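This report describes selected features of one protein model. The sequence and structure are shown first.

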Amino acid sequence: MESTPLLENKAKEEKSKLGNLLKANIVFLVYQLSINVHDPVLTQYLYQRYSEEVFGNSTKSASTANQTSKCYVNESDPGYLLQERVQVLTSNCQTILTAIGNSTALISCMFLGAYSDFLGRRFLFILPLVGQILKNVLTIFVIYWNLDLKYLYVSEVIEGVSGGYNGVILATYAYTADNTPPKNSRTVGIAVLDFTTYLAAAVSQVITGYFIKYLGYLYPSITTTSLMLLSLILVVVLLPETINKDRRSQYPSPVKAVKNVFGFYFSKDFGQTRSLFWLSLTAYFITYFSLSGVFFLEYLFQLNLPFCWGPELIGYFNMALALSRQILGIPVIKLLHLCTSDPGLCIITSVILAVSYVLNGVANTDVMLFLCVLPSGIAAPLLPALRAIMSRMAPPEMQGSLFASIGLVNIISSGTGMIIFNEMYNATVKMLRGFVFFAGAGCQLLCAVIIVVFLCISRRRSVTDTSTVGLND
């Protein structure tokens, strides 16, 4: 008597969830297009500003947006030393911007994630997007009027207080967890978000390279702001709320909200699962630490000897990297799920990512650098699988709090990763330019060892639980 209505309701519910996921991915795609235009524009703009400061406006060595990068080869040439100085100044500025943005985002993301379990996910999207729009507007002012670069510090504070990039990421993963069942489908759902990022990167990178080359830095910055505004409009117009109205009136105290975020790792309510949360979170921290540390340095690595790439070639490389992750990511997950679980997938992809870093570190020709694209694409499911592992262990009503804790790790690991890897790069750039990539490879091998421990403990617990059930029967 109840079967038909239940089946119909279930079908409608599944259709609704797929629709929600599609809408969330559209929002995320537009948002990531904005981010993937903004990041290379800012890095290369900083490089140009410091080149003009060090070399002077009239010097050819200070490459403009319409030129490919020029490198001094002779180490005894004064221009070579000045070129090294430009790298250090650019790297240091990126470090300061990251430190400011991440330190202010720590508190905001913690409370945003915890309260989104009650206030709703749309709120979690809207506030960070508004902050990033304001940040991008201030960046436009700096570029248009050639203002002091210290105004960029203010833009980072605005982004950090509102949650910024990490807030949007938190919102998107929590929204996806709300609309997917646990098990492998959640891994795929979370992975699709990451591959949406790669698709956006592939679309934007080459365009950005030519954008910078022919139009400078102002118009790409205006484009990023317009795309960010479009993301906000799409959230308001398209995205339905996933948190029930009755739950939205049950606001926890700030102390309770903080306890929800850290309870997975400290509360006795989670029992032995705490050790699994700690292991998976540590593996996630190490992976994000190395990825963030290497990310911005890749641009400096490519702009200087022995590659001396310009914006257009950097764009081609980033497009190839993004496409490899987009094309290979989901098939790798599906293939590895035939023979192993998510922890096994993480072990394999972590080792492959270490191989990619080593290839990058030893590269001294364009072809060798492009060879890193394939293993990097195969390793793309690593972070989505780690997020899915933690999401499955958390209760459904605490997904926002869980992703808030992951967001905090994103902020801490990306901030420390950029600072440590930047300092490492500054210290080793003259004697071994690829040293930072070897350090990243070491991080990934350590991550693989941690996941092996996770797998052993989780299997031992499963055997114990099975034995207990058998005895009780």
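## A serine and its surroundings

Apart from residues up to four places away in sequence, Ser401 touches Gly113, Ala114, Asp117, Asn260, Val261 and Phe264; contact means heavy atoms within 4.5 Å. Ser401 belongs to helix H15, which spans residues 399-428. Helices here are DSSP runs (H or I, at least four residues), numbered from the N terminus. With a relative accessible area of 1%, Ser401 is buried (under 20% relative accessible area, 1.4 Å probe, protein chains only).

## Basis of the values

The model is predicted: local features need pLDDT of at least 70 and side-chain atom pairs count only at pLDDT 80 or more, whereas totals for chains, interfaces and linings use all residues. Residues are numbered from 1 along each chain as its sequence is written, and side-chain values use heavy atoms, leaving out hydrogens and water.

## The nonpolar core

The largest nonpolar core contains 133 residues, and Phe264, Phe277, Tyr284, Leu402 and Phe403 have the most contacts inside it. Such a core is a set of buried Ala, Val, Leu, Ile, Met, Phe, Trp, Tyr and Cys residues joined through side-chain atoms within 4.5 Å. Helix H9 (residues 273-303) gives the largest share of this core, 16 residues.

Beyond its neighbours within four places in sequence, Phe277 is in contact with Phe264, Tyr265, Phe270, Met390, Met393, Ala394 and Leu402.

How values were computed:
Helices (H or I, at least four residues) and strands (E, at least two) are DSSP runs, numbered from the N terminus. Buried means under 20% relative accessible area, exposed over 50%, partly exposed in between (1.4 Å probe, protein chains only).
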